[in-house]
Amino acid sequence: METKRLIKRKSTVRKLALKGVNPDLFDEFKSLRSSVKHNIQKHYNTYLRHLENDLVSDPRRFWSYFKNKNINSPDSLFYNNVRYNNDGDIANAFADYFSSVFKPSTDFDGNDECKSDCVGDLVKIENVTYDDVVLAISELKSFLTVGVDNIPSFIIKGCSEFFIYPLLVLFNLSLRTKVFPEVWKQTKIIPVFKKGDAQNYKNYRPIAILSPFSKIFESIIHKKLYNQVKNLISTSQHGFIPKRSTTTNLFCLTDKIISSFESGSQLDVIYTDFSKAFDSIDFGILLKKLQGIGFHVNLIDWLLS
């Protein structure tokens, strides 16, 4: 009831603010908008918790939610001048489109000479500890979506005491033998609609649903690698850095703009956008770069496995 009241008040205040009745109404509208957003997210999280808790007593409710969350494919898709209406044909069209984005990588040879800018010890991972696994499982988000193994992450979180030691053995075995389990490389790709024409294949982006076990391993490796290379990352980098985001980047830009206005100097801004940048990375070049900043050869071999 409180959220509904705030939504109605927000709508009223917005209309009055647009009419210019009172300049202070814009501040009230922003505050109400923030409160509504916070309350909706809180109620949604509560709904998900109840859904998990009632999984045994009311499984139909869970599967109803699950099916509704996984309806991402359109009724028809226009791809390469052909319209597809069958679900199987649409899935194959998406698969062909998403795979076409990837470019062949240059071959990587660990024996190639590579200039190193690394200062100090090589970047390496000796082993995974019990505490590493415990922390990674505790930080695993309780998603209801499942990967190819059909195991939702909340099951692992709820039964963590049974998974810690087996995962500890598997993770260390993978690092020691330099072999990453093939099954953890498999993902379920879901096309997610962005905007525009829902029947245009270009308006979808692929989302990979990984196995929760793969996510746990990834989280552990990321922490260990980041702690060793964070001093090599530019201080101007905001994306994918803890406690930084597009917001902090905009704060820095705003500060430079204000400083330029105050000093009467010229400020030029150039924006670049690499289409599907992450999908078209040359992994051969990437591995050479990693070797250049000091990644241990055994770690490179493991990444190649």
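Q: Is Val134 buried, partly exposed or exposed, and what is its relative accessibility?
A: Buried means under 20% relative accessible area and exposed means over 50%, with partly exposed in between. In this predicted model, Val134 is at 31% relative accessibility and therefore counts as partly exposed. Val134 sits in helix H5, residues 130-138.

Q: Which residues make a nonpolar surface patch with Val134?
A: A patch takes residues with over 30% relative accessible area. Here Tyr130, Val134 and Tyr165 make a nonpolar patch of about 290 Å².

Q: Which residues is Val133 in contact with, leaving aside neighbours within four places in sequence?
A: Contact means heavy atoms within 4.5 Å. By that reading, Val133 is in contact with Val128, Ile164, Leu167, Leu168, Phe171 and Ile220.

Q: Which members of the largest nonpolar core touch the most other members?
A: A nonpolar core joins buried residues through side-chain atoms. The largest one has 28 residues, and Val128, Val133, Phe171, Ile216, Phe217 and Phe295 touch the most other members. Two or more residues each come from H5, helix H7 (160-177), helix H8 (212-229), helix H10 (283-292) and helix H11 (297-304). H8 gives the largest share, 7 residues.

Q: How many residues does the second, separate core have?
A: That core has 9 residues, including Tyr79, Phe98, Tyr201 and Tyr204.

Q: Where does Asp54 lie, and is Asp54 buried or partly exposed?
A: Asp54 is in the loop between helix H2 (25-53) and helix H3 (59-69). With a relative accessible area of 29%, Asp54 is partly exposed. Not counting residues up to four places away in sequence, Asp54 touches Pro59 and Arg61.

Terms used:
Residues are numbered from 1 along each chain as its sequence is written. This is a predicted model: local features need pLDDT of at least 70, side-chain atom pairs count only at pLDDT 80 or more; totals for chains, interfaces and linings use all residues. Side-chain values use heavy atoms; hydrogens and water are left out. Patches are made of residues with over 30% relative accessible area and no salt bridge: like charges are joined within 9 Å, nonpolar side chains (Val, Leu, Ile, Met, Phe, Trp, Tyr) within 5 Å. Accessible areas come from the Shrake-Rupley method with a 1.4 Å probe; for residues, only the protein chains shown count as cover. A salt bridge is a side-chain nitrogen of Lys or Arg within 4 Å of a carboxyl oxygen of Asp or Glu. Helices (H or I, at least four residues) and strands (E, at least two) are DSSP runs, numbered from the N terminus. Buried means under 20% relative accessible area, exposed over 50%, partly exposed in between (1.4 Å probe, protein chains only). A nonpolar core is a set of buried Ala, Val, Leu, Ile, Met, Phe, Trp, Tyr and Cys residues joined through side-chain atoms within 4.5 Å.
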